[in-house]
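This report considers how two protein chains meet. Please look at the sequence and the structure below before reading on.

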2 protein chains.
Amino acid sequence: MRPGTTGAARIEGVLSPVITPFQRDYAPDAERFVRHCRWLLASGCAGLAVFGTNSEANSLSVPEKRALLQKLVEGGVPAAALMPGTGHCALSDSIELTRAAVELGCAGVLMLPPFFYKGVSDEGLYRNFSEVIERVGDDRLRLYLYHIPPVSQVPITLGLIERLLAKYPGIVAGVKDSSGDWSNTKAMLDAFAASGFDVFAGSEVFLLDNMRNGGKGCITATGNVNPGPIVQLYKNWRSGDAERMQAAIIATRKIVQKQPMIPALKATVAHFANDPQWKICRPPLVELTAAQEEQLISELNASGFSMPGLAG
Amino acid sequence: MRPGTTGAARIEGVLSPVITPFQRDYAPDAERFVRHCRWLLASGCAGLAVFGTNSEANSLSVPEKRALLQKLVEGGVPAAALMPGTGHCALSDSIELTRAAVELGCAGVLMLPPFFYKGVSDEGLYRNFSEVIERVGDDRLRLYLYHIPPVSQVPITLGLIERLLAKYPGIVAGVKDSSGDWSNTKAMLDAFAASGFDVFAGSEVFLLDNMRNGGKGCITATGNVNPGPIVQLYKNWRSGDAERMQAAIIATRKIVQKQPMIPALKATVAHFANDPQWKICRPPLVELTAAQEEQLISELNASGFSMPGLAG
C-alpha cells in the first residue's frame with residue numbers, strides 16, 4: 001500500500017448525516033432512504049455522511065448498513081458523495097464496513113473511536129485506527145476522525161491526530177469536531193489544516209468561523225431538513241451577508257434543538273413530506289410526543305421554514 | 001410463545017465473565033478460550049458469563065461471538081452453564097446473538113442496554129428489551145439485565161425492571177448489578193427477589209451481603225483468576241468463617257484492581273499458566289506495562305495467591 005497517493009478530489013462543503021427511515025417493524029427502509037439522499041444532494045449538499053449519530057447508525061447491524069450502502073449506489077447516489085460512518089466498538093466490524101465502503105468507491109469514511117470502554121489510552125485508540133487502515137490496505141481510503149465526546153465519551157485528542165497523520169499522511173484526511181467547543185475546533189485547524197487535514201465543524205453553528213479559519217465545511221444534523229440555507233452560507237461565506245445568513249440558520253437550528261434532535265428531524269421530514277412513516281425511530285430512541293411535534297411544526301411554520309422539492 | 005413456562009433450573013452461584021484470548025493478529029483464540037472455560041468450571045464456577053465487559057465482548061463482532069459459542073459447546077462446555085452477553089447497541093445484533101444462544105441451549109443471556117445514545121428514556125429501553133424477547137419468541141429464553149452505569153452510562157432502573165417483569169414473568173429472570181452501589185443492589189433485592197428475580201452482585205465484594213439478603217451469587221471479573229476461594233464463600237456463606245473468607249477474597253481483588261482490570265486478569269493467567277500469549281488485548285485496550293505486570297505478580301505471589309490446576 002502506498003498511502004494517500006491516489007484518489008479523487010476530497011469532499012468539501014456541507015454534508016448531511018442522513019437520518020435513517022424505518023418500516024413499522026423497525027427494518028431499515030431503503031426506498032425512503034435513497035429518496036431522502038437524492039433530495040439532499042439536489043438541495044446542494046456536497047456529501048452524505050450516512051451512518052452518523054443522527055442516522056441511528058449504532059442501532060443498525062453491519063449487514064444492515066452494507067445493504068443500505070449498496071441500495072444507495074444502485075439507486076443512483078454517487079459513491080463519490082458518500083462518507084459513511086464505519087467506526088464500531090468491535091475492531092472487526094470497523095474493518096468490515098470500512099473495506100466495503102472503499103470497495104464501493106466512497107469518498108471517505110467517518111470513524112468513531114470504539115466507545116464502550118471509557119478512559120482508554122491514546123495508544124489503544126492509535127492501534128484501533130492503525131489496524132483498520134492496515135487491514136483495509138487500500139490507498140483509496142480517506143479516513144475522517146469523528147470527535148464527539150458528549151456521546152462517545154471517548155475523545156480524539158490532538159496528540160492522537162498528530163501520530164496518525166505522521167504515519168498515514170493522505171489516508172488520515174480530516175475530522176468532524178462535534179465537541180461543541182469552538183476552541184477545540186480552532187486548535188485542530190491551527191495544528192493541522194495547513195498540512196492538508198480537513199476540519200469539518202460538527203454543526204452549522206460554527207460554519208462561518210470554521211471557513212474563516214481554514215476549515216472545509218460542516219457536517220450537521222439539521223442539514224437533513226435545512227440544507228439550502230446552510231449551503232448558501234457555505235458558498236457565500238466571504239460575502240457581506242454572511243453574518244446574517246449564519247444567524248438565520250442558527251435560529252432554525254434552535255427551533256429543532258428544543259426537542260430531542262433525531263425524532264425532531266424525523267418528525268420534520270414526516271410533516272413536510274406528508275409521510276408519517278418517517279417518524280419511526282428504532283429503540284432505544286422514541287418518536288416525539290404529540291405536544292412536542294406540534295410545538296416543533298408550529299414554530300418552524302411561524303419562522304417561514306420550508307423544504308423545497310421534498311413532497312413527492 | 002408461553003413466557004417462562006419451560007426450561008431447566010436456573011444458574012445460581014459464582015459466574016465468571018470469561019476473559020477472551022487473542023492470537024497475535026487479534027483473532028479470537030478458540031482453543032485457549034475453551035481451555036480456560038473448562039478450568040473455571042473445574043474450579044467450581046456455576047456458570048460462565050462469556051462476552052461480558054471483562055471479555056472485551058464489545059470488541060468482538062456478532063459472527064466472532066457466534067463462532068466462539070459454537071466452539072465452546074463443541075469443546076465440551078455444557079450450554080446449560082453458559083450465560084453469554086448478548087446486548088448490543090444495534091437491536092438487530094441483540095436479537096441475532098440472543099436467538100443463537102437460546103438455540104444452543106444456553107442457560108440464559110446477560111443483556112446490556114444499547115449504550116451509544118445517552119439519556120435515553122425507560123420507554124425506549126423497554127421497547128429494546130421487549131423487541132428482543134418478542135422476536136426471539138422462545139419460552140426457553142432467560143434474560144438477565146446488565147446494570148453497569150459506570151461503563152454503559154445507560155442505567156437499568158427499578159421502574160424498567162418492574163415493567164419488564166410484569167410483561168415477561170419467567171423470561172426476565174434476573175440482573176447483574178455492577179453499579180458498585182450496594183444500596184442499589186439492596187433496592188433490587190427488596191423489590192423483586194421474592195418474585196423469582198435473581199439478583200447477582202457485580203463483584204465478590206458484595207457476595208456475602210447479597211446472599212444474606214436473598215441474592216443468588218455473583219458474576220465477577222476476578223472469578224477468572226480466583227474462582228476457588230470465591231466459590232468457597234458462596235458455598236459457606238452461612239458459616240462462622242464467612243466474614244474472614246469475604247475479607248480474603250476482597251484482599252486478592254484489591255491487588256488485581258490496582259492495575260487496569262482486563263489486562264491485569266490476562267497477565268495473571270499468562271503468568272500462572274506460563275503462556276504469554278494470554279496477555280494480548282484487542283484495541284482499544286492495551287496490555288500492562290512491564291512495571292505494572294511486575295507489581296501485580298509480585299504482590300499476588302506475596303499474598304500466597306495460586307491458580308490450582310491451571311498450568312498445562
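How many residues does the contact take from chain A and from chain B?

## The contact between the chains

In this predicted model, the contact takes 40 residues from chain A and 40 residues from chain B. About 3,400 Å² of area is buried between chain A and chain B, and carbon and sulfur atoms give 63% of that area. A:Phe116, A:Tyr117 and A:Pro284 together supply 22% of the area that chain A buries against chain B, more than any other three residues.

## Charged and polar pairs

Two salt bridges are counted between chain A and chain B. In one of them, the side chain of A:Arg127 meets that of B:Glu287, with 3.0 Å from N to O. The count of residue pairs in polar contact between chain A and chain B is 18.

## The side of chain A that touches chain B

Three helices of chain A, H3 (91-104), H4 (122-136) and H5 (149-152), each supply at least two residues of the side that touches chain B. The largest share of this side, seven residues, comes from H4(A). By class, the side of chain A that touches chain B has 20 nonpolar, nine polar and eleven charged residues.

## Confidence in the prediction

Chain A has a mean pLDDT of 96, and 97% of its residues reach 70 or more. Over residues 1-5 of chain A, however, the pLDDT is below 50, and this stretch has 15 contacts in the model beyond near neighbours in sequence. Where pLDDT is low, the predicted coordinates should not be read in detail. For the complex, the predictor gives an ipTM of 0.96 and a pTM of 0.96.

Technical notes:
Residues numbered from 1 in each chain as written. Chains lettered and ligands numbered in written order. Predicted model: local features only at pLDDT ≥ 70, side-chain atom pairs only at ≥ 80, totals over all residues. Heavy atoms only, no water. pLDDT = per-residue confidence, 0-100. Contact = heavy atoms within 4.5 Å. Buried area = accessible area lost by both parts, 1.4 Å probe. Salt bridge = Lys/Arg side-chain N within 4 Å of Asp/Glu carboxyl O. Polar contact = N/O pair within 3.5 Å; in protein donor to acceptor, adjacent residues only side chain to side chain. Helix = DSSP H or I, 4+ residues; strand = E, 2+ residues; numbered from the N terminus. Nonpolar A, V, L, I, M, F, W, Y, C, P; charged D, E, K, R; others polar.
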